[in-house]
Amino acid sequence: MPCPGCDGSVLLDDTEDFTGEKNALPNRNSIRGFEVIDNIKEAVERACPSTVSCADILAFAAREAVFLSGGPFWAVPLGRRDAITTSQTAANQQIPSPFEPLENITAKFASKGLDLNDLVVLSGGHTIGFAQCFTFKRRLFDFQGSGKPDPLLDSSMLSKLQTMCPNKDTSNSNIAPLDATSTFKFDNAYYTNLVSNSGLLDSDQALIGDPRTAAMVNYYSTNQFSFYNDFAASMVKLSNVGVLTGENGQIRKKCGFVN
């Protein structure tokens, strides 16, 4: 089953015809901010009815969020149209998981035309944002079934995370910053964290364990300017995955619903 690309499908609410992506396992209780996009869309519709797609608004919003957090600015290609359907199953199968080995994640990126450099660069987006405890708790208490913490995880970070995410099910939905050193600032601290074994997700920390990706991690940890340039280029590349143009799709009047 094909997984939608940059077509605004993630914004669609469930209907009798399809179950949307909002409650897919990687998104449930995690992806948020839909009301921000809805408010932007409402304002745009008043000014330019049936002209700007929800997909384009999402692409713009991503760029603005990065730029306003101190990150790079890039020109956003426009002209996308919105999907008229979506698939929770496809989202579950094709969105990379923090529990997957690097090989699997690399294959998922490759299936969308994104290479290993794109993977490392776009992972740097984890310089902002949060993760729920269940996505990394095994590293804190039972790494790879050992009954012990991940031996490579920085000891002071381990102690803080065990306090934030105690070893009980009730803590699963607690959240921790993906980048504890500069939580609300877009910078290259994500990579310096990986170098010091302070990456939050196992899938992030794995980048320093593979020689192919470790070289890029080390480079970006000391070259923020290069990271910004490459991140901007990879975001443009990502925003061109699976787009709808011409007569395909539609320009939704409300982002949560098909016209």
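This is a predicted model: local features need pLDDT of at least 70, side-chain atom pairs count only at pLDDT 80 or more; totals for chains, interfaces and linings use all residues.

Student: Is Gln250 buried or exposed?

Tutor: Gln250 has a relative accessibility of 14%. Buried means under 20%, so Gln250 counts as buried.

Student: Which residues does Gln250 touch, leaving out those up to four places away in sequence?

Tutor: Gln250 touches Arg81, Asp82, Ile84, Val258 and Asn259. With Asn259 there is also a polar contact, in which the side chain of Gln250 reaches the backbone nitrogen of Asn259 at 2.8 Å.

Student: And how far is Gln250 from Cys54, in sequence and in space?

Tutor: In sequence, Gln250 and Cys54 are 196 residues apart. In space, their C-alpha atoms are 9.7 Å apart.

Student: Let us move to Gln88. Where is Gln88 placed?

Tutor: Gln88 is in helix H3, which covers residues 88–94. Its relative accessible area is 18%, and Gln88 is therefore buried.

Student: What does Gln88 touch, again setting aside residues up to four places away in sequence?

Tutor: Gln88 touches Thr19, Gly20, Asn23 and Ala24.

Student: Now the helices. At what angle do H5 and H10 cross?

Tutor: The axes of H5 (residues 116–123) and H10 (residues 211–222) cross at roughly 45° and come within 10 Å. The two helices are therefore oblique to each other, and their crossing is right-handed.

Student: Which residues of H5 and H10 meet?

Tutor: From H5, Leu116, Asn117, Val120 and Val121 meet Arg212, Thr213, Met216, Val217 and Tyr220 of H10. By class, this contact has six nonpolar, two polar and one charged residues.

Student: How are H5 and H11 oriented to each other?

Tutor: The axes of H5 and H11 (residues 224–239) come within 9 Å and cross at roughly 110°. Angles of 65 to 115 degrees count as roughly perpendicular, and H5 and H11 are therefore roughly perpendicular to each other. H5 passes H11 in a left-handed crossing.

Student: What residues make up that contact, and how do they divide by class?

Tutor: Asp118, Val121 and Leu122 of H5 meet Phe227, Asp230, Phe231, Ser234, Met235, Lys237 and Leu238 of H11. By class, the contact of H5 with H11 has six nonpolar, one polar and three charged residues.

Technical notes. Residues are numbered from 1 along each chain as its sequence is written. Side-chain values use heavy atoms; hydrogens and water are left out. Axes are lines fitted to C-alpha atoms, for helices over the stretch in contact, and angles run from 0 to 180 degrees between N-to-C directions. Helices (H or I, at least four residues) and strands (E, at least two) are DSSP runs, numbered from the N terminus. Angles under 35 degrees count as roughly parallel, over 145 as roughly antiparallel, 65 to 115 as roughly perpendicular and the rest as oblique. A crossing is left-handed if the near helix is turned anticlockwise from the far one by less than a right angle, and right-handed if clockwise. Contact means heavy atoms within 4.5 Å. Ala, Val, Leu, Ile, Met, Phe, Trp, Tyr, Cys and Pro count as nonpolar, Asp, Glu, Lys and Arg as charged, and the others, Gly among them, as polar. Buried means under 20% relative accessible area, exposed over 50%, partly exposed in between (1.4 Å probe, protein chains only). A polar contact is a pair of N or O atoms within 3.5 Å; within protein, one must be able to donate a hydrogen and the other to accept it, and residues adjacent in sequence count only if both atoms are side-chain atoms.
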